[in-house]
Amino acid sequence: MTLHAVRYGIPLALFIAGAIISATAGGIGIAAGALFFSAASAVLLLNVLHRMGVEGDKERDREADARDFFDKHGRWPDEPESATRRPRG
């Protein structure tokens, strides 16, 4: 819950601040509000890219676990036991 508040709360706060500044500060306020909007979208995009990177790490860990299983049992985890490869010789 706290993580979501930080992850989405900061961009939301920046966006709201930009809207308030744009609405109340006159001509220069529109430019300042645009800076806040840009900062909000940058923070949100960085959060999305970070989440995508973390998912890639999980996928690599699953692949490593599957390879360890293959080394130990001679078959992939999603194959039936009858698919166990016998050593040649």
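**View 1. Y8, L44, L45, L46, V48, L49 and M52 make up a nonpolar surface patch of about 690 Å².** Keep in mind that this is a predicted model. Helix α2, which runs over residues 26-73, puts in the largest share of the patch, with 6 residues. One of the patch residues to look for is V48, which sits in helix α2. V48 has a relative accessibility of 41%, so it counts as partly exposed; patch members need over 30%.

**View 2. F15 and F37 form a tilted aromatic pair.** Searching the whole structure turns up 2 aromatic pairs. In the F15 and F37 pair, the rings are 5.0 Å apart centre to centre, with 40° between their planes. F15 belongs to helix α1 (residues 2-24) and F37 to helix α2, so this pair ties together parts that lie 22 residues apart in sequence. As for cover, F15 is partly exposed, at 45% relative accessible area, and F37 is partly exposed too, at 29%.

**View 3. The rings of F70 and W76 form a stacked pair.** Here the ring centres are 4.7 Å apart and the planes meet at 25°. Planes under 30 degrees apart count as stacked, which is why the F70 and W76 pair gets that label. F70 comes out as partly exposed, with 25% relative accessibility.

Notes. Residues are numbered from 1 along each chain as its sequence is written. This is a predicted model: local features need pLDDT of at least 70, side-chain atom pairs count only at pLDDT 80 or more; totals for chains, interfaces and linings use all residues. Side-chain values use heavy atoms; hydrogens and water are left out. Patches are made of residues with over 30% relative accessible area and no salt bridge: like charges are joined within 9 Å, nonpolar side chains (Val, Leu, Ile, Met, Phe, Trp, Tyr) within 5 Å. Accessible areas come from the Shrake-Rupley method with a 1.4 Å probe; for residues, only the protein chains shown count as cover. A salt bridge is a side-chain nitrogen of Lys or Arg within 4 Å of a carboxyl oxygen of Asp or Glu. Helices (H or I, at least four residues) and strands (E, at least two) are DSSP runs, numbered from the N terminus. Buried means under 20% relative accessible area, exposed over 50%, partly exposed in between (1.4 Å probe, protein chains only). Rings of Phe, Tyr and Trp (its six-membered ring) pair if their centres lie within 6.5 Å; planes under 30 degrees apart count as stacked, over 60 as edge-to-face and the rest as tilted.
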